[in-house]
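Please read these points with the model open beside you.

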Amino acid sequence: MKIELSLDQSQTLKGVTIILIMLHHFAQVFNSINMLPSSLKVFLGCGVIGCAMFFFLSSYGIEKTKKYTRGGYFRNRFTAVLVPFFVANICYMVFSFINGARYDMHEVYLRVTGLKQIIPVGWFLYCLMVLYLSMYISVRWNLDKYMCTFIGGLLFSIFYPAPACSFLAFVIGIYVADRASVFGKCSDIIVCPLLLMIFIGAMLQFFINNFAINSPVRLIGLQLTIIAFPILMVWKPVVSFLEWLRVFKWIGGQSMGLYLLHSMVLTVIFRYREIFGIWYLLIIYTAVTLVISFIFNILTGRLVNETKKILA
């Protein structure tokens with residue numbers, strides 16, 4: 001089972017997964033008012049899977065290149081996440097003010113710095129930073145990186161038990177990068193159908209249990225999906241097919257802005273639910289988020305570069 005991702009292939013997979021996450025949140029919102037057509041209900045289960053894929057790609061890239069052996073690597077990683085995060089927090093604060101929310105200066109400080117969550121889907125970046133910190137600790141003090149990242153993710157999941165369980169994919173990404181040659185010797189005839197069976201079975205459990213958070217069967221299905229889906233997605237034939245759809249590579253390059261801003265756009269789009277049909281709303285939601293994210297990424301990209309120069 002050939003597993004070897006290039007930067008372009010990784011960007012392509014990021015494009016696929018961010019679209020899954022956006023569709024998941026769109027489906028969640030409109031399903032809550034019974035406005036979601038049956039054809040879109042499949043995306044109700046794609047949010048955690050998409051986040052798991054992002055965790056997998058992040059740790060796979062870190063471990064495969066081993067750039068963390070260079071000085072300042074994790075400082076640059078944190079900068080690349082925190083600068084867009086702070087800018088997005090400011091955007092959400094302005095958005096809240098426009099919509100009538102009022103905060104005192106202490107509350108503004110907490111929300112802009114991220115000490116108090118304002119971005120609805122901000123948990124992912126909090127978890128990612130905890131995992132980066134865990135990996136930094138393992139490198140800095142020569143500790144077991146699997147144990148450090150697992151413990152870091154596990155501690156975080158105490159506060160976000162349902163979505164944050166996808167942190168396991170971060171640990172899996174390290175494992176796959178370390179043992180790519182072992183996976184290369186595995187037979188496609190055995191491994192890929194097995195992963196596909198695990199993934200399909202887990203998703204069936206996931207849907208049958210109607211997303212009940214306290215259902216042990218659902219959580220087992222979720223964990224199996226988190227294990228099977230990333231490995232299945234980076235299987236060479238799958239990546240080659242997705243790479244052919246070049247638009248996903250471009251979308252993958254906008255993934256930070258798309259993740260941070262899509263909830264804000266969705267809030268606005270939701271107000272027009274009685275004017276436009278569900279498919280028009282989906283198209284508008286996707287198009288507007290892509291445009292705003294493109295501009296956001298250009299601006300924050302410059303800020304990130306300047307910040308790195310200052311900290312260097």
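1. Asn142 sits in the loop that joins α5 (123-140) to α6 (145-157). Helices here are DSSP runs of H or I with at least four residues, strands are runs of E with at least two, and both are numbered from the N terminus. Asn142 is not a glycine, yet its phi is positive, at about 55°. Its relative accessibility is 71%, so it counts as exposed (over 50% relative accessible area; buried is under 20%, partly exposed in between, with a 1.4 Å probe and protein chains only).

2. The model is predicted: local features need pLDDT of at least 70, side-chain atom pairs count only at pLDDT 80 or more, and totals for chains, interfaces and linings use all residues. Residues are numbered from 1 along each chain as its sequence is written, and side-chain values use heavy atoms, with hydrogens and water left out.

3. Asn34 belongs to the loop between α1 (7-31) and α2 (47-65). Its phi is near 55°, again positive in a residue other than glycine. Asn34 is exposed, with a relative accessible area of 73%.

4. How do the axes of α1 and α2 cross, and at what angle? They come within 8 Å and cross at roughly 155° (axes are lines fitted to C-alpha atoms, for helices over the stretch in contact, and angles run from 0 to 180 degrees between N-to-C directions). The two helices are therefore roughly antiparallel (over 145 degrees; under 35 is roughly parallel, 65 to 115 roughly perpendicular, the rest oblique).

5. Residues in the contact (heavy atoms within 4.5 Å) include Leu13 and Ile18 of α1 and Met53 and Phe54 of α2.
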